[in-house]
Amino acid sequence: MTHYDSIQSGASFKRKSYLDYLGVLCVHLGPQRGAMPGLGGLWPTGLLLCFLSVCVCLEEECVIGLVGRPVSLPCFYPQLLTSVNVSVEWRRDDEEVLRATWREDGDVEEWSVNRASISAEALLTGNVSLELPSVYPDHNTTNFSLFIISQENQSAALCSVCLRIAASFSFPQLQREEAVEGNQTSFSCSSTGGFPEPVVHWLIDNNSKPPESAVKTIITSIPNTLLYNITSNLTVNISKDSSVSCIIENPTMNKTQTSTSLGAGGSQVVSRASEAMWIFSTVLSVVVGVMVVVGVGYQIHLDRISKRKKKEFQYQQQHTNRGYKRRFPDKEETEVMKTETDV
């Protein structure tokens, strides 16, 4: 068996084994001789289940890539560890995006588009995952396939990965406008910079959906980026106390963002809470300011007392020295004469 044949058999071994298993299972689910008559109706159901299982088996896996960020398309091929003079080729649909060749002397030649790459140790680890430095909306729902080329023989696709692109939408901005005439209330919900097109949901009081005729949604594409902006308007007859929620869903990312208008009752509660918080912060600021002023005044008072006591002490020392001279003048003269005599 040639290296090319081994590659082909290795690529199809897992799929072939699974299909063989399904074939055996389908045979056992088929009508058997001597079986109970009522069980014969299970044959169509078993055949349908087998068909659905085959479809699931052959379905390609998809990788989610975020706009402007790197992404890795996984592929492992352990047989590459024993290969020489072999090339690895990644294709996007029918376009070649990367080719790497390992020579007998160990040199590696690599060519790629838009700085795509694979691991430098692919020949040692068998990890031939494709690394894309960044992805954009025009790469959405593209298929990447890996091929092994040896001695001008090309294998079937060893790995096939579907790439889906997504970008998160901004948090929805919800505005409420009371009607001047009539009882209808208008709501406007907007979100920007996401991909792919989102799904918008409206909820009234968190449980009921408005009629479709009350909702008008406009989705526009941002030039040169293929990202989307969305604006949805709701006009409905509800009470002032009702809450309305706008939900922006990105199915690809399995992510939802919700913005809610609480209505008059909720707004009043929020307003009261905000007012109470403002009063508390004001009172706290005043109390802290008073404490600071009192502390500074008390420190100044202590400093003045300390300076006064210091002056009094110095004054007492001066008067004490003068009284000593006045009480014993003869003693001082005697000490001076004694000093002169000794000299």
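**Surface patch, disulfides and backbone features of the predicted model**

Met-277, Phe-280, Leu-284, Val-288, Val-292, Val-296 and Ile-300 make a nonpolar surface patch of about 660 Å². Patch members have over 30% relative accessible area and no salt bridge; like charges are joined within 9 Å, and nonpolar side chains (Val, Leu, Ile, Met, Phe, Trp, Tyr) within 5 Å. A salt bridge requires a side-chain nitrogen of Lys or Arg within 4 Å of a carboxyl oxygen of Asp or Glu. Met-277 sits in helix 4, residues 263-327. Its relative accessibility is 56%, so Met-277 counts as exposed. The classes are buried (under 20% relative accessible area), exposed (over 50%) and partly exposed (in between), with a 1.4 Å probe and protein chains only.

The model is predicted: local features need pLDDT of at least 70, side-chain atom pairs count only at pLDDT 80 or more, and totals for chains, interfaces and linings use all residues. Residues are numbered from 1 along each chain as its sequence is written, and side-chain values use heavy atoms, with hydrogens and water left out.

The protein chain holds five helices and 16 strands. Both are DSSP runs numbered from the N terminus: helices are H or I with at least four residues, strands E with at least two. The chain has 343 residues, of which 26% count as buried. It exposes about 23,500 Å². Carbon and sulfur atoms supply 56% of that area. Accessible areas follow the Shrake-Rupley method with a 1.4 Å probe; for residues, only the protein chains shown count as cover. Among contacts (heavy atoms within 4.5 Å) with a separation of 6 or more, 59% involve residues 24 or more positions apart.

Two disulfides are present in the structure. The criterion is a pair of cysteine sulfur atoms within 2.5 Å. The link of Cys-75 and Cys-159 is right-handed, with 75 degrees about the S-S bond. Cys-75 lies in the loop between strand 2 (71-73) and strand 3 (86-92), and Cys-159 in strand 9 (residues 159-166), so the pair ties together parts 84 residues apart in sequence. Both Cys-75 and Cys-159 are buried.

Cys-189 and Cys-246 form a disulfide as well, their sulfur atoms 2.0 Å apart. The torsion about the S-S bond of Cys-189 and Cys-246 is about -80 degrees, so this disulfide is left-handed. Distant parts of the chain are linked here: Cys-189 is in strand 11 (residues 184-194) and Cys-246 in strand 15 (residues 244-250), 57 residues apart. Cys-189 and Cys-246 are both buried.

Two further cysteines were examined for accessibility. Cys-62 counts as partly exposed because its relative accessibility is 38%. Cys-162 has a relative accessible area of 10% and is buried.

Backbone geometry was also examined. Phe-195 and Pro-196 are joined by a cis peptide bond, with omega about -10 degrees. Pro-196 is found in the loop between strand 11 and strand 12 (199-204). Asn-224 is not a glycine, yet has a positive phi of about 70 degrees. It lies in the loop between strand 13 (215-221) and strand 14 (228-237). Asn-224 counts as exposed, at 82% relative accessibility. Leu-226 also has a positive phi, near 65 degrees. Leu-226 is placed in the loop between strand 13 and strand 14. With a relative accessible area of 41%, Leu-226 is partly exposed.
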